[in-house]
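This report looks at a few residues and how they sit in the fold. The structure comes next.

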Amino acid sequence: MQIGDLSRASGVNIETIRYYERIGLLPLPARQANGRRSYGEADARRLGFIRHARELGFELAAVRVLLTLQEQPEASCEDASRIAEEQLEAVEGRIARLLKLRDELSRMVA
């Protein structure tokens, strides 16, 4: 599939796909004789994983580690656990800030 097809299938903007290629999150695709990028289903799955992780608030560095761990299932799970713990702390912090905001807004409305 071409980059436009990959973009539609994954819900990721074409420029974002190119950016992920430049920084190494998405492998450089094969090129057709006319120079156009050619992607496969594995690329679509990987891009879907990246998009989902980013939607959940994972930083690109954490996504990179998770992808590496995914590619090396024999590796230690310590890195994945550490990333999950850090993400949990960040989520709990956001929840605490949102609860404070809710309380303040409720006070203002009352």
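L98, L101, L105 and M108 make a nonpolar surface patch of about 420 Å². Such a patch joins nonpolar side chains (Val, Leu, Ile, Met, Phe, Trp, Tyr) within 5 Å, from residues with over 30% relative accessible area and no salt bridge (a side-chain nitrogen of Lys or Arg within 4 Å of a carboxyl oxygen of Asp or Glu). Areas come from the Shrake-Rupley method with a 1.4 Å probe.

This is a predicted model, in which local features need pLDDT of at least 70, side-chain atom pairs count only at pLDDT 80 or more, and totals for chains, interfaces and linings use all residues. Residues are numbered from 1 along each chain as its sequence is written, and side-chain values use heavy atoms, leaving out hydrogens and water.

| Residue | Relative accessible area | Class |
|---|---|---|
| L101 | 46% | partly exposed |
| F58 | 15% | buried |
| Q87 | 12% | buried |

L101 is found in helix α5, and Q87 lies in helix α5 (residues 78-109); helices are DSSP runs (H or I) of at least four residues, numbered from the N terminus. F58 belongs to the loop between α3 (41-55) and α4 (60-71).

Contact means heavy atoms within 4.5 Å. Not counting residues up to four places away in sequence, Q87 touches L56, G57, F58 and R94. A polar atom of the Q87 side chain lies 3.3 Å from the backbone oxygen of G57. With neighbours within four places in sequence left aside, F58 is in contact with A53, V63, L66, I83 and Q87.

Key:
Helix = DSSP H or I, 4+ residues; strand = E, 2+ residues; numbered from the N terminus. Buried < 20%, exposed > 50% of the residue type's maximum accessible area, 1.4 Å probe, protein only. Polar contact = N/O pair within 3.5 Å; in protein donor to acceptor, adjacent residues only side chain to side chain. Patch = residues over 30% accessible without salt bridge, like charges linked within 9 Å, V, L, I, M, F, W, Y side chains within 5 Å.
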